[in-house]
Structures are given as structure tokens and as C-alpha cells.
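These are my notebook entries on a single model. I record what I looked up, entry by entry.

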Amino acid sequence: MAYDEPAFRRRGADGPEPAARGARDDTTADLAGPPRRVSPAVLDDVFDDPEHGEPGRDRMAVHAVWEVVLLLAVAAVALLLYRAEPAALRGAALNSLLVYVSGLLLLALGVGLSLRVGAVNLAAGPVAVASALHFAEQGDRGVLVAGGTAALAAAAFGLVLAVVVVGLQVPGWAGSVAAILVVAVFVQRRTEPVAVQGGYEPTEHSVYVFGVAAGLTLIGGLLGTVKSVRRTVGRFRPVADPARRRGALAGVLTAGGITLSMVFAAGAGVLFAAGGTGPVAPGTGLDLTGLALGAALLGGTSAFGRRGGVFGTLLAVVLTGLFITYNGVQQWRISLLLIAATAILGGLVVTRLVERYGRPRSAGDNDRDWSGAGADPGADGWSTGGRTESWSSALPAESAGTRTASWEGDSWGGPAR
């Protein structure tokens, strides 16, 4: 009933109108009474963009538990490595390991960022190889010039990839496959390993290099725990028909994530080239992409986007670097591709756990606030139980006289009979 209908305006003269939306007979009192107070948390859920998926805050307990497991695994592998070869965790060997882990951490940070925005960048590894080759050739011009040129070229290349992925609304992996082929053309122009020019040695301050890479990873993870940031960054994640566009903000953030992932990959390539022990060999870079993707997934970043932990990527990368070193000490000769494949498979299992147990609590089947089972209609004013009582389809019983007056009286413009 509209508020400007004659029957509503004449309620004071003709008596109260029978309730039409529920069994409660205090509708008039509810309309005239003071508004109910609603908690800020409930309002945050109510005004959340429904296109993001389920309302409510993602649960972080699954990430905390899994990161404790990763920490124990890191300690176990480090202990095994120390018992097998103590020199691997000392002096120059430790400095080289820290630089290698730092490069892998930057690479995993870039891939993890592209995962968070819902458009995974599989071309990060090949871009790292191309950047390493470029730095090896131009290193004598200075770190800032050679590294900056590689970063700018990677950013421009990432922007082109972002335009394709966002503009066509296609999966990031599909667009990045084309990018891999383009980078392969650049890499194949070098038929022989390239000796590194210049005298930059990141191993001399490996602790600081590792600290910067780890700090960037932790800052990104901490920002991802904020609900507004988490949902805004992950807007490109499809929750309905993937053909539906997710809005301009989603496109801008996804494009920025893809571009930054390329820049991080270029930084990783510079560290791999400068911190290596020999010439930079041309290659596909797929092993680097696999290691970075496996570490990001194993660290708790969801393959579907948006969700992820805080320390997971850092711990997974350290675990990967320690195991690769231990593999060399034990002379097992396990291929990096096999290590990457194992990490990815394990990361997919972690993704399933994150998606299952990281859903918002308000979307669970046992939640009182959103399930409607046993909810108090007057508790917060937004429970399903309260809406069920107020909007029930059951109408109150009416007498014949009342029904006749309602339909045949002057409320509808005709004379009362």
C-alpha cells in the first residue's frame, strides 16, 4: 500500500487497517516507534556489495593454523640441512641462499598479488629470465640504469597484458600464456649464456635484501587482512557468470596488480643474475613460474583470488629454498620442475581448505544471524527470524464485513454500500 492512498490517510477516521504483511497486529506501533539500533558490523554486511559474494568477514583461523604447520616444516628442513651440511647455513653459502630466496620471494610476491586480484600471471618466470639476461648484458651501466630499464620494460609489458585481460574480461592465465610466448621470442635471441657485466654483489648485504623482500611480503599480507582492502582488491574474482563485468574499480585494481607482478618479476631477475655464481643461461623460465606459483598457493593464497594469509608466502618460499639447497647437498638431483609441480599440487589442496574454512562466518549453515534458525526477531532487527515474522505470507483472518468495507467502501473511490 502506498503512503499517499486515501485509505492510509483516513486511517484515523475509519479505524486501524488490518495488517497485510504479517501476523503481528502492532504494525502501526512499529511504524510510529523509534528506529531500532543496528550494530556497525551488521550494517557493514548489509551495505557490502553483493557482487563480491557472501557478506561477512573471512575467517583467518585456517590461515593461522596452516602457517604454524609451515613454520614447523621450515624448522624441520633447516635442521635436516644443518645436520647434513652445516656450512650451507654459514658464511658465503648463507648469503647466496638469502639472495636466491629473496629473488624467489619477489617472484612469489608478484604471482601472489596477481592471484589476489583474480588474474594469475604465469609469465612472471619468463619475464624474470628476460630481465636477468638484460641485466647481465647491461650491468656495466650501473644497477639503477640496467635494473630500472628492465623494470620499466616489464611494467609496460604488464600494462599491455592487463589491457588484454581486463578489457576482454578473460582469465589471467589465458592472457599470460600469450605473454609467455612473446617473452620466449626475446629470450631465444640469446643462444649462449651471458656473462654478468658490472660488479654489483647483492650477497655483500644479503640480510638487507632479504629484509626488504620479506617486509614487502608481510606488508601485503597484513593489508590483505583488512576486510575492505581484501574485498576491493579481489573484486575481479567471479561470483556469478564470468561474462559479467565487475566494474571499473575492479578493472583498474586488476590491471595494477598484473603490472606490479611484472615489476616484481623484473626485480627477481636482477637478483638472480647479480647473485648467481656464473653466466645467465637462456631458458623458458617455467620452472621459476612453477616455484613462485607453488609457493604462493602453498602459502595460503587462494587460486580463485582474494583470500590469503599473512606469513604463508614468506614461509613457503623459505621452505622451498631450503629444500632446493638440501636437494643439492644430498645430490638427489630432483628437477626443479618436479619440485614446482609438487608445490602446486599441495597448494591446490591448501586452496580447497582456505575456500572451505575461510568463508565468512555469517554464510555458515550454523550461524544464528543469517540462517534464521532459532534467531531472536528482536535481537538486532536484521536477523532472518525477525524478517520472517514481519513479512510472513500468512494473512490474518478477516470478517466478511471488514472485507466488504475494505473493497467496496469509499477507500476505492466508490460509495459505501
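Entry 1, the end of a helix. I began just after H6, where Gly118 takes a positive phi of about 85°. I worked on a predicted model, in which local features need pLDDT of at least 70, side-chain atom pairs count only at pLDDT 80 or more, and totals for chains, interfaces and linings use all residues. Residues are numbered from 1 along each chain as its sequence is written, and side-chain values use heavy atoms, with hydrogens and water left out.

I then looked up H6 itself, which covers residues 91-116 and has 26 residues. I take helices (H or I, at least four residues) and strands (E, at least two) as DSSP runs, numbered from the N terminus. From its first C-alpha to its last, H6 reaches 36 Å, close to the 38 Å expected at 1.5 Å a residue. The expected span is 1.5 Å times one less than the number of residues in the helix.

I noted 18 helices and 0 strands. Of the 417 residues, 40% count as buried; buried means under 20% relative accessible area, exposed over 50%, and partly exposed in between (1.4 Å probe, protein chains only). I recorded an accessible surface of about 21800 Å², of which 64% belongs to carbon and sulfur atoms. The areas come from the Shrake-Rupley method with a 1.4 Å probe, and for residues only the protein chains shown count as cover. Among contacts with a separation of 6 or more, 79% are between residues 24 or more positions apart; contact means heavy atoms within 4.5 Å.

Which residues have the most contacts inside the largest nonpolar core? I found Leu107, Leu293, Val317 and Leu322, in a core of 75 residues. H12 gives the most to this core, with 11 residues. A nonpolar core is a set of buried Ala, Val, Leu, Ile, Met, Phe, Trp, Tyr and Cys residues joined through side-chain atoms within 4.5 Å.

A pair of aromatic rings is described by the distance of the centres and the angle of the planes. I counted rings of Phe, Tyr and Trp (its six-membered ring) as paired if their centres lie within 6.5 Å; planes under 30 degrees apart count as stacked, over 60 as edge-to-face and the rest as tilted. By this rule the count comes to 3 aromatic pairs. The rings of Tyr100 and Phe272 have centres 5.8 Å apart and planes at 40°, so this pair is tilted. The pair links distant parts of the chain, with Tyr100 in helix H6 and Phe272 in helix H12 (residues 248-275), 172 residues apart. Tyr100 counts as partly exposed because its relative accessibility is 25%, whereas Phe272 is buried at 18%.

I next took Phe323 and Trp332, whose ring centres lie 6.4 Å apart with planes at 50°, so this pair is tilted. Phe323 is partly exposed at 27% relative accessibility, and Trp332 is partly exposed at 43%. Ring pairs link Phe323, Tyr326 and Trp332 into a cluster.

I required NZ of Lys or CZ of Arg within 6 Å of the ring centre and within 35 degrees of the ring normal. Arg190 lies over the face of Phe186, at 4.2 Å from the ring centre. Arg356 lies over the face of Tyr357, at 5.0 Å from the ring centre.

Gln169 has a positive phi of about 55° although it is not a glycine. I placed Gln169 in the loop between helix H8 (143-168) and helix H9 (172-187). Is Gln169 buried or exposed? Gln169 is buried, with a relative accessible area of 17%. Arg306 also has a positive phi, near 75°, and lies in the loop between helix H13 (286-298) and helix H14 (312-330). I recorded Arg306 as buried, at 4%.

Not counting residues up to four places away in sequence, Ile180 touches Leu122, Ala123, Pro126 and Leu286.
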